[in-house]
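Here's a quick tour of a few packing details. Have the structure open while you read.

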Amino acid sequence: MFPPRHDTRPLLRDLARERLRAEIMSGAVVPGQRLDDQELAARLGCSRTPVREALADLAHLGLVELRPNRYTRVAVPAQEDVVPALQALGLLFGGVVRITVPRLGDRSRSAVFRRLGVLLDCLEAPSWQPAADAASPIYRTFINECRNPMVTAALRGSLDGLVFRLRHRDLRSSLPWPDIRNSLIALRVAIDVRDGRLAERATWSAHLLPDPAGPDPDRDDDAGCGRV
């Protein structure tokens, strides 16, 4: 996450970063596409310095790859990062979902319920783009409804980089989609009945994490404190 600024004037660096971030996340520029700072500066109407600073910021988020004296390009999501990124999202959002679901106003609750329905429909699409477009507003609703500013800052700083890592071209074969679909249905039910505990469990399950209310699958039952 980038440090907060105390004035209200946007820097050219900030404007360039947000424009490029939006283009990457929307798919207007695709993974692996080369990024020339001189060409970007001309297109964005600024000098090369803020463009280079913006690219460095986006590289920090994992959206851009910088190879000095070789190339700058949009990052290419790796298949081995798909499950870790999904689990990281689940860890970040599980607790937030639990405490937020019972507090959701009627409008926000209806919006999330509806967007989950759209996401379920988009899971049938052959590419990642429709599902990614449908999932991002759900995450952002929980960010906006979260009343802890420190948690909110951490979530905003991590969301794009983690979601981007899910955009692998073979995503369809990388995840257990029937299990994820069932978990999203359970999450929809939990939101409808305002059950924060059930919503947390469904969120963890949808992100391929073990049930937070169940036993730790990595625990060694034969190990004990003080055993020699």
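## Helix 5 against helix 9

In this predicted model, helix 5 passes helix 9 in a left-handed crossing. Helix 5 covers residues 106-122 and helix 9 covers residues 177-192; their axes come within 10 Å and cross at roughly 165 degrees. Anything over 145 degrees counts as roughly antiparallel, so helix 5 and helix 9 are roughly antiparallel to each other.

Who touches whom here? On the helix 5 side you'll find Arg109, Val112, Phe113, Leu116, Gly117, Leu119 and Leu120, and they meet Arg181, Leu184, Ile185, Leu187, Arg188, Ile191 and Asp192 of helix 9. Sorted by class, the residues of this contact between helix 5 and helix 9 come out as nine nonpolar, one polar and four charged.

## Helix 2 and its two partners

Helix 2 (residues 37-44) and helix 3 (residues 48-61) have axes that come within 9 Å and cross at roughly 110 degrees. Angles of 65 to 115 degrees count as roughly perpendicular, and helix 2 and helix 3 are therefore roughly perpendicular to each other. Helix 2 passes helix 3 in a right-handed crossing.

Ala16, Arg19, Leu20 and Glu23 come from helix 1, while Leu40, Arg43 and Leu44 come from helix 2. The contact of helix 1 with helix 2 has four nonpolar, no polar and three charged residues.

## A hairpin

Strand 1 (residues 64-67) and strand 2 (residues 71-74) run antiparallel, joined by four bridges. Val64 has Val74 as its bridge partner in strand 2. What sits between the strands? Three residues, making the pair a hairpin, and Asn69 in the turn has a positive phi of about 65 degrees.

The average pLDDT of the protein is 87, and 89% of the residues score at least 70. Residues 222-228 are another matter: the pLDDT there is below 50, and beyond near neighbours in sequence this stretch has one contact in the model.

Key
Residues are numbered from 1 along each chain as its sequence is written. This is a predicted model: local features need pLDDT of at least 70, side-chain atom pairs count only at pLDDT 80 or more; totals for chains, interfaces and linings use all residues. Side-chain values use heavy atoms; hydrogens and water are left out. Two strands pair if DSSP finds at least two bridges between them. Helices (H or I, at least four residues) and strands (E, at least two) are DSSP runs, numbered from the N terminus. Axes are lines fitted to C-alpha atoms, for helices over the stretch in contact, and angles run from 0 to 180 degrees between N-to-C directions. Angles under 35 degrees count as roughly parallel, over 145 as roughly antiparallel, 65 to 115 as roughly perpendicular and the rest as oblique. A crossing is left-handed if the near helix is turned anticlockwise from the far one by less than a right angle, and right-handed if clockwise. pLDDT is the predictor's confidence in each residue, from 0 to 100. Contact means heavy atoms within 4.5 Å. Ala, Val, Leu, Ile, Met, Phe, Trp, Tyr, Cys and Pro count as nonpolar, Asp, Glu, Lys and Arg as charged, and the others, Gly among them, as polar.
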